[in-house]
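I opened a new page for this one and wrote down what I looked up, entry by entry. Here is the model I had on screen.

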Amino acid sequence: MRLRTGLLSILLPLLLLLPVQGAFSSTFEREILALYKSSDGQTERENEIFFYLSRPLRQMGFTVRYWDIDGGNPDSGTLDRVRAVISWYRGAAMKAPQRYLEFLDDAMDRGIKVIVFDNFGAYQDRDSKEYVEPGRINPTLSRLGIMYFGDWTQDAGVLRIVSKDSRMVELQGAQDLRASAFFYRFLEHDRNLRVYLSIERTDRPYAPSPVIVTNRNGGFALSRYIYRMEGGKVRLLLNVEAFLREALFPRAEQERIALLAESSDTATARTLEYTTALLKRAKLPFQVIDGQELAKLVPGDLRPFTAAGLILKGDGGLDPKVLEDFLDQGGGVVSLVGGDFQKLASVLGQTRGRGRPATRTGFRFREGFLLGEGLSLEGETFLWLAGTGSPAADAEILAYSHRENHPLLWSVSRGKGRVLSWNWNGFHTGDFQGFILESFLYLRPVGVAATAGLGIMFVDDWPIPMFNVVKAPLLVKDTEYYTRQFWPDIKAIFGSRSIPYVSYVVFNYNASVEPPFGSGEFFVAEDQATVEIAREILESGQELGFHGYNHVSLTENRTKVNVAVWPSQQAMEQSLQAARREWIGLFGEHTLPYAYIAPNNIISETGIAAVHNVFPSIKVMSFLRSGAGEETRSVFGPHPRFPDLYLIPRTSSGYPFTQAVRQLTVAAASGAGIWAHFIHADDIFDPNRSRGMSWEQLKGELTGMLDFVGRHYPWIRFVSLREAHARLESLDDIGVEYRWLEGDRLEIRSTSPGLPLRIRMNGYHLKSSQGVKVLYQYRQMPAVVLEMEGTLGILEFSRR
């Protein structure tokens with residue numbers, strides 16, 4: 001169970017592909033499919049889309065392909081190349097309207113926008129003359145945010161404008177109901193619908209009808225409110241350019257993040273995996289835009305997001321105007337990889353790249369960026385590659401390398417937004433995950449994220465087989481050390497802080513991987529100390545977990561730390577059956593373990609299946625969360641193959657509170673908000689893990705570590721592993737939405753109470769709050785940790 005710098009493997013990547021609440025999808029092709037009807041007297045060059053929309057569409061960077069819908073619906077291959085489908089029909093009838101509705105549904109399923117001008121065009125079957133029932137039209141139309149209920153009239157005397165956005169619907173003249181004299185009853189269906197014009201029928205008791213609208217799937221603009229003829233000339237009432245922008249690039253209604261990433265590169269792919277897993281735990285919706293799509297992006301494509309993360313080693317074909325437009329709208333951009341940027345350099349607050357990436361050593365984060373009470377952070381040994389650029393003259397440097405004093409992280413203002421540039425490749429290890437989340441919170445005027453707020457303490461290899469021998473550096477027998485020093489001190493340290501813990505027992509340290517699987521080491525200790533301590537743990541109400549029949553990792557693959565290799569799953573299960581019999585005989589069947597730790601933090605899928613088969617009582621397995629070596633790593637969450645098995649990986653280990661452990665602790669608390677730390681009983685005998693310290697010194701280091709967590713993260717609550725499991729499953733089930741309202745107010749809606757939230761304020765301060773309780777208000781940085789008391793919370797902020 002050793003956590004060594006530079007180790008940890010990549011296993012269970014499927015866990016990172018779980019769907020995210022509020023996931024967003026769209027397509028980024030450059031072609032617009034323009035639909036017209038020849039039966040309406042339209043042609044490819046004689047139609048309203050050509051007259052009024054083709055120019056603004058070209059200016060936005062699109063090409064327009066015209067399609068006569070009377071010739072049939074476009075096929076699937078055509079849709080593969082399309083960004084949006086725009087229709088502008090003059091009449092209400094068409095051939096096979098049912099199949100047309102299916103075509104529109106298919107388009108929206110693919111993330112293609114649908115924008116309807118004038119007549120929807122599919123109300124009636126041209127051949128049969130039968131009208132399509134609203135019950136069939138509405139499943140399609142409702143995806144544009146409205147539902148159709150007929151009740152047509154041309155009587156302007158009973159019509160009244162209820163609301164209008166004059167900048168959108170009165171471009172070249174005022175809306176005039178006497179001239180329009182046209183009404184259909186539509187009902188709002190989308191809570192995020194943007195309504196630019198609504199009309200009321202005064203002789204009816206129902207709500208106003210929204211007739212010009214947009215939402216995330218496109219837009220709808222009803223006949224006669226788009227333009228009118230005056231003196232033989234067309235007077236556009238609808239600002240078609242602004243309407244297209246809203247329909248094609250809907251503004252962000254909630255917090256939402258775009259991740260522009262190169263997934264074909266190993267290092268950037270790992271960074272992307274850690275980032276997406278972290279955002280899922282933070283309950284921040286996101287969309288990954290793959291590197292192959294970047295060249296297709298146009299200014300406006302990032303408008304549906306509040307922040308964008310770049311996981312790129314270079315420009316990737318991305319037009320700088322895409323980021324500039326986003327920043328001008330107040331968006332935030334973080335570049336998570338130090339690359340060789342040329343065209344993007346200026347917008348990222350750096351000079352154009354020159355030369356080759358260079359290795360740098362260590363880091364120094366100044367106070368104020370990382371979460372904590374006046375927390376600064378240093379590391380002297382971590383090696384990383386710097387990008388080829390340098391910070392621009394207007395950049396604020398937030399971190400440097402330790403040895404060379406080379407800029408590692410900087411921030412610049414661009415437009416109305418903020419840019420954060422990481423000049424390294426450090427995130428691919430996963431050891432700095434909390435720094436990723438902190439970056440996204442730092443970009444926003446007010447950053448918000450869900451957190452868990454849990455602390456879990458693991459004692460691995462305990463109680464351990466004791467051999468009644470004197471081993472260096474001690475002058476007493478191992479049994480005496482464990483029973484008279486280690487165990488009383490550990491109980492006192494945890495007990496004085498009311499910290500629960502879980503111990504993991506291993507029955508033998510032999511290298512047997514084939515039957516027969518004997519026993520004996522567990523009983524060698526004087527006075528059966530190992531057995532008695534295990535029983536004491538069970539009787540005390542603390543948790544006793546399972547670490548294995550022996551300390552050989554359950555994998556068929558040879559590893560650096562294993563002295564033997566298991567020949568088959570059957571052999572693994574035979575050893576586990578022997579351990580199960582030993583457990584029942586010593587402690588009783590009712591105490592069978594709830595949790596399992598993989599020896600050496602290494603296990604294969606075969607090994608997981610073996611444990612699952614033999615020990616159905618085991619509901620939690622723990623490996624490691626991060627790293628780049630051979631040890632197994634996982635996210636927090638259910639196993640994809642065995643949904644009744646929950647994975648709770650560890651985030652740090654050991655007694656010495658080294659710079660590396662401090663950094664991992666900060667990353668865990670500020671990331672998922674789960675600090676899962678493990679220690680060993682026998683660390684005193686390993687000069688690498690003990691760093692040559694005495695037991696008194698190691699105790700001091702551990703208590704200093706716990707004091708550090710208590711000082712900087714007092715909102716972290718230490719819980720038993722069972723409680724952590726139940727709490728995490730409960731948090732997993734909570735849906736949440738972060739929505740900005742007028743007046744610098746943040747509305748937070750959740751499906752259940754009790755969700756902890758991190759709030760970071762950049763230039764703002766929390767003025768008032770409703771529906772939440774404060775868990776901790778930071779004194780030395782603008783941050784607060786809250787908890788939802790119900791399902792609705794309102795936070796009001798004011799500028800500093």
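My entries run from the whole chain down to single residues.

**Ground rules**

I am working with a predicted model, where local features need pLDDT of at least 70, side-chain atom pairs count only at pLDDT 80 or more, and totals for chains, interfaces and linings use all residues. Residues are numbered from 1 along each chain as its sequence is written, and side-chain values use heavy atoms, with hydrogens and water left out.

**Whole chain**

I started with the overall extent: the C-alpha trace spans about 105 × 60 × 50 Å along its principal axes. The chain has 18 helices and 41 strands; these are DSSP runs numbered from the N terminus, with helices being H or I of at least four residues and strands being E of at least two. Of the 800 residues, 60% are buried. Buried means under 20% relative accessible area, exposed means over 50%, and partly exposed is in between, using a 1.4 Å probe and protein chains only. I also looked up contacts, meaning heavy atoms within 4.5 Å. Among those between residues at least 6 apart in sequence, 75% join residues at least 24 apart.

**Helix 1 against helix 7**

At what angle do helix 1 and helix 7 pack? Helix 1 (residues 48–59) and helix 7 (residues 240–248) pack at about 60°, and their axes are 10 Å apart. The axes are lines fitted to C-alpha atoms, for helices over the stretch in contact, and angles run from 0 to 180 degrees between N-to-C directions. Helix 1 and helix 7 are therefore oblique to each other. The cut-offs I use: under 35 degrees is roughly parallel, over 145 roughly antiparallel, 65 to 115 roughly perpendicular, and the rest oblique.

On the helix 1 side I noted Tyr-52, Leu-53, Pro-56, Leu-57 and Gln-59, which meet Val-240, Glu-241, Leu-244 and Leu-248 of helix 7. By class that contact has seven nonpolar residues, one polar and one charged. Nonpolar covers Ala, Val, Leu, Ile, Met, Phe, Trp, Tyr, Cys and Pro; charged covers Asp, Glu, Lys and Arg; the others, Gly among them, are polar.

**Helix 13 against helix 14**

Next I went to helix 13 (residues 569–587) and helix 14 (residues 605–614), whose axes come within 9 Å and cross at roughly 40°. Helix 13 and helix 14 are therefore oblique too, and their crossing is right-handed. Among the residues making the contact are Met-572, Leu-576 and Arg-580 of helix 13 and Ala-610, Val-611 and Val-614 of helix 14. The class count for this contact is six nonpolar, five polar and two charged.

**Aromatic rings**

How many aromatic pairs does a search of the whole structure find? It finds 62. Rings of Phe, Tyr and Trp (its six-membered ring) pair if their centres lie within 6.5 Å; planes under 30 degrees apart are stacked, over 60 edge-to-face, and the rest tilted. I picked out Trp-384 and Trp-424, an edge-to-face pair at 6.1 Å centre to centre with 75° between the planes. Trp-384 is in strand 20 (residues 377–386) and Trp-424 in the loop between strand 23 (417–422) and helix 10 (433–443), 40 residues apart. Both Trp-384 and Trp-424 are buried.

Tyr-481 and Phe-685 also form an edge-to-face pair, with 5.9 Å between centres and 80° between planes. Tyr-481 lies in helix 11 (residues 478–496) and Phe-685 in the loop between strand 33 (674–680) and helix 16 (687–690), so the pair ties together parts 204 residues apart in sequence. Tyr-481 and Phe-685 are both buried.

Most residues other than glycine have a negative phi, and most peptide bonds are trans. I found a cis bond from Trp-462 to Pro-463, with omega near -5°. Another cis bond runs from Ala-472 to Pro-473, with omega near 10°. Pro-463 sits in the loop between strand 25 (454–460) and helix 11, and Pro-473 is in the loop between strand 25 and helix 11.

Asp-118, not a glycine, has a positive phi of about 65°. Asp-118 is in strand 5 (residues 113–118) and counts as buried at 11% relative accessibility.

Key:
A crossing is left-handed if the near helix is turned anticlockwise from the far one by less than a right angle, and right-handed if clockwise.
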